[in-house]
Amino acid sequence: MIRINDIVERVAEHNPDENLDIIDRAYIYSARVHDGQVRLSGEPYLSHPLEVAGILADMKLDAQSVAAGLLHDVIEDTHVTPEELGDMFGKEILHIVSGVTKLSKLPFQTSQARQAESLRKMLLAMADDIRVILIKLADRLHNMRTLQFHKDDKRKITSQETLDIYAPIAARLGIYWIKQELEEIAFMNLHYTEYSKMKSRISKEKEEGEKYIKTVKGYIEKKMGEANLKCMVLGRYKSFYSIYQKMISQDLEFKDIYDITAFRIILDTIPHCYEALGLLHALWKPIDIKFKDYIGRPKPNMYQSLHTTVIGPYGERMEIQIRTWEMEKVAKSGIAAHWSYKEGKPIDEDLSKTFTWIQNLVEEQENFRDPAEFLESVRIDLFPDEVYVFTPHGEIKSLPKMATPVDFAYSIHTEVGNQCTGAKVNGRMVSLRYELETGDIVEIITSKNHPPSKDWLTFVKTVKARSRIRQWIKIQEKERSITLGREMCDKAFRKHRLNFNTLLKSEEMGKVVEHFGFKTREDLIANVGYGKITPLQIIRQFLPKSGAEKDDESIFNKIIGRVRKKKPKGGVVVKGIDDVLVKFGKCCKPVPGDLIKGYITRGFGVTVHRLHCVNILKTSPERQIEVEWIRDTAEKFPVKIHIHSYDRVGLLADVAANISKNEANIINANSKTSENKTVEFFFTITVEDTDHLERVLSDVKKVKLVQEVKRIG
């Protein structure tokens, strides 16, 4: 366990004028309130805040940040109140600690809702003080380093969240060493078999690889020396996760990956960098499409470097980065390299502009109330690759890679996006689906009477465009639903000899609105139109409860009761709605064990999708409804699987046998054989739940020459 004296010494080394007393006070206070608490590893709980503070000291942050790191869990895990912490350490540290604290003590319907709200709270806090996310990254890093003490399912959930949220945040902040370590640990826990294979292969080739690195470094140093360029040359193996990502994205085997090593040249000045680039291109043939100039056009996280890929001394592809010592410092520490909070001064204006994506996330988060939708929006905004395009007046706009003219239109103004009818790129008309490229000059054509299209949601890439389109659809859906809901209520109320328009204005209706948890009568009527509430549910609140009408009420209740007692079909029950037609989305084919969401279709009941199905993410949140699997259902569900294998005699028979022995029925099968003697199988099989599916996939993977088995759809 790291010692507090080591932490204080590191802070003093980088910030000699800091008030180090606050670190000592935070340590003593943290030790006192965490006394008696133990981590799953068996270590005293204090080891965790100490390690977090040590990581922050390594990032060269100020004493306030390190103190907040020591205190980051006291509100969540001890009896300490926010008021007490504020009194002891001031508002600044309280604000940071509150931003880092999870919402674990608040009730949420799902763990996803808790994750979304925790992330939302953290984003709001980090917009005011970026140190919130730096501490959260240090916290997550140490938790990942000790992940082996958790159960398997917890390790996988935490690792996936790390890959989805925290590693991309570290990348956007330019702190690549944290990003890479988070990715490596998450990769190991999520795909241990692939991780072990890769580690074993690279270990076998290490001796030969070290010779290769030494040889190439010798070539580069000699070339730079001839030009009197003083430099440092570094050779390294790429991270396992980055190699794995390349294998997946390009559908390559490990033996087909040639550039598992990369080189870096560090020089004194920017002119030296460009001179070194010219010398390298004279020495080895460059691959044009692989050259990137991040010095002339830095990344949004301030990263600068020249990236080139050349055909190396043995005819292999070789990646080389060229940068100055200052760029190396920023590449290692990102925003932390520029961070200063001396005497409470805020981050400078130029740096604030660099991180406008944080402010954009904060501004847009108010438009997302559905947890899945919000988490998806964060993932989109953390997508690291960007393109830089120009307005007709020469203003630069930064957009995600594969952004479209519609994204560009919304980046200018919501009204421009809503009224977009066409676009010109570099003077010629293009489709609204056109993928913008760096350097494009974009002109948007608008029309006042042209509304946004729902289809735009299938191709827009920015959170702002997605949220504004959904907002417009939501308004239109609500207007239509209010009209429909009013008609449905009016008709149903007349059948029970009740005047809907009169009752709508009554005090009793106000109580009904409250009973169903809505704010206004309009919301109640709209939800009838959406299909979330039936007119009969409202009528029941007005029906007499005693007297002569009791028999009438009992008949009504008998009907409702009879409906209620109907056994739900299809293995799914819809929360809050009885006897509703349920069908499963053909796009994603959910099975028990999958996280699911329902979508109310007018006249066709509820369609059930997997939670992250692209089609459910495109729907209006107002028409989404909570659904859950019925336990102990004997029904089996169809699911599609894809098998990639090398071809051989008897392969199909062996695959089918491994599926059948797990009592999974094959209801459809297709195969496609390639010239390179590989075969692709596409099966539709029936399974009981996700555990049953995993058993099938696991057994099929054991078939000789099978390379990959996965669920699709």
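Biologist: What is the strand order in the open sheet of four strands, and which pairing does it have?

Modeller: Happy to walk you through it! In this predicted model, the order is β18-β19-β17-β20, and the pairing is antiparallel.

Biologist: Why do β18 and β20 count as standing at the edges?

Modeller: Each of them, β18 (665-673) and β20 (706-712), has a single partner strand, so one side of each is left without a neighbour in the sheet. On average, neighbouring strands here are turned by 20 degrees against each other, direction ignored.

Biologist: How do you know that β17 and β20 are paired?

Modeller: Pairing asks for at least two bridges between the strands. Six bridges join β17 (residues 637-646) to β20, so the two strands pair. As one example, His642 has Lys710 in β20 as its bridge partner.

Biologist: What makes you say that helix α29 packs on the sheet?

Modeller: Helix α29 (residues 651-660) touches β17, β18, β19 (678-687) and β20, where touching means heavy atoms within 4.5 Å. The direction of α29 makes about 25 degrees with that of β19.

Biologist: And which strands does helix α30 touch?

Modeller: Helix α30 (residues 690-701) packs on the sheet too, touching β17, β19 and β20. Its direction makes about 160 degrees with that of β20.

Biologist: Stepping back, what share of the protein is called buried?

Modeller: A residue is called buried when its relative accessible area is under 20%. Such residues make up 48% of the 713 in the protein. As for the secondary structure, it comes to 30 helices and 20 strands.

Notes: Residues are numbered from 1 along each chain as its sequence is written. This is a predicted model: local features need pLDDT of at least 70, side-chain atom pairs count only at pLDDT 80 or more; totals for chains, interfaces and linings use all residues. Side-chain values use heavy atoms; hydrogens and water are left out. Helices (H or I, at least four residues) and strands (E, at least two) are DSSP runs, numbered from the N terminus. Axes are lines fitted to C-alpha atoms, for helices over the stretch in contact, and angles run from 0 to 180 degrees between N-to-C directions. Buried means under 20% relative accessible area, exposed over 50%, partly exposed in between (1.4 Å probe, protein chains only).
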